[in-house]
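Visitor: Could you take me closely through one loop of this model, and then through what lies around it? I would like the cut-offs stated as you go.

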Amino acid sequence: MSTTAKDIVNSFYETDLIHNTEAFSKYLHPQIELYWNSSFGFTKKGFEDIKTMFTDMAQSFETFRCEISHLIAEDNNVTIRYTYFAKTIETPDKEEAIAHFIAIWELKDDKLYKGYQISQQGDYTPESMMSFIAK
C-alpha cells in the first residue's frame, strides 16, 4: 500500500515538531514556500525559517501538539484545519489552544512543497472548540 499525500500531511502534523528536528528533512521539500496570513500580517517562510520557528518555540513550550479537525485531499493537494495546543514552561500543568489554522498544501516528491495558510490566535471557548470537532 502506497503512502498518499493525505497520509504524509497527517503524519507531519502528528509529529512532535519541537522535539524532533529530523522531521523537517523528512516532510518538508528543500524549496518549500509557505505563504502565511495571520492576525499579525503576512509572511513567507522557507525551509530554514520554518525549522527556526519550531526550534525557537521549543524554548517556550514543554509540550506542543496538533489536533486535526479536517483533512481533505485531492490528488497532490491537501487541505487541513487544525489547532495547536501547548503547555508552556511557566505553566506545565495547563494546556492551552495556541492558534487555529487552515492550510492548503501542494506536495512535490512526497514532501510539503507549497503551502497557503491562515491562522488566528487560539480561542478556547466551548463553542469555538466544538467547531473544531469533525462532523
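Guide: Asp110 has a relative accessible area of 53% and is therefore exposed, where exposed means over 50%, buried under 20%, and partly exposed in between, for a 1.4 Å probe and protein chains only. The model is a predicted one, in which local features need pLDDT of at least 70 and side-chain atom pairs count only at pLDDT 80 or more, while totals for chains, interfaces and linings use all residues. Residues are numbered from 1 along each chain as its sequence is written, and side-chain values use heavy atoms, with hydrogens and water left out.

Asp110 sits in the loop between E5 and E6, and its phi is positive, near 60°, although the residue is not glycine. Asp109 lies in the loop between E5 and strand E6 (111–121); this residue, likewise not a glycine, has a positive phi of about 55°, and its relative accessibility of 59% is why Asp109 counts as exposed. The strands named here, like the helices, are DSSP runs numbered from the N terminus, with at least two residues (E) for a strand and at least four (H or I) for a helix.

In soluble globular proteins, nonpolar side chains tend to be buried together.

Turning to the whole chain, the protein has four helices and six strands, which follow one another as α-α-β-β-α-β-β-β-β-α. Buried residues make up 38% of its 135 residues, and of the contacts with a separation of 6 or more, 52% join residues 24 or more positions apart. The C-alpha trace spans about 40 × 35 × 35 Å along its principal axes.

Methods:
Contact means heavy atoms within 4.5 Å.
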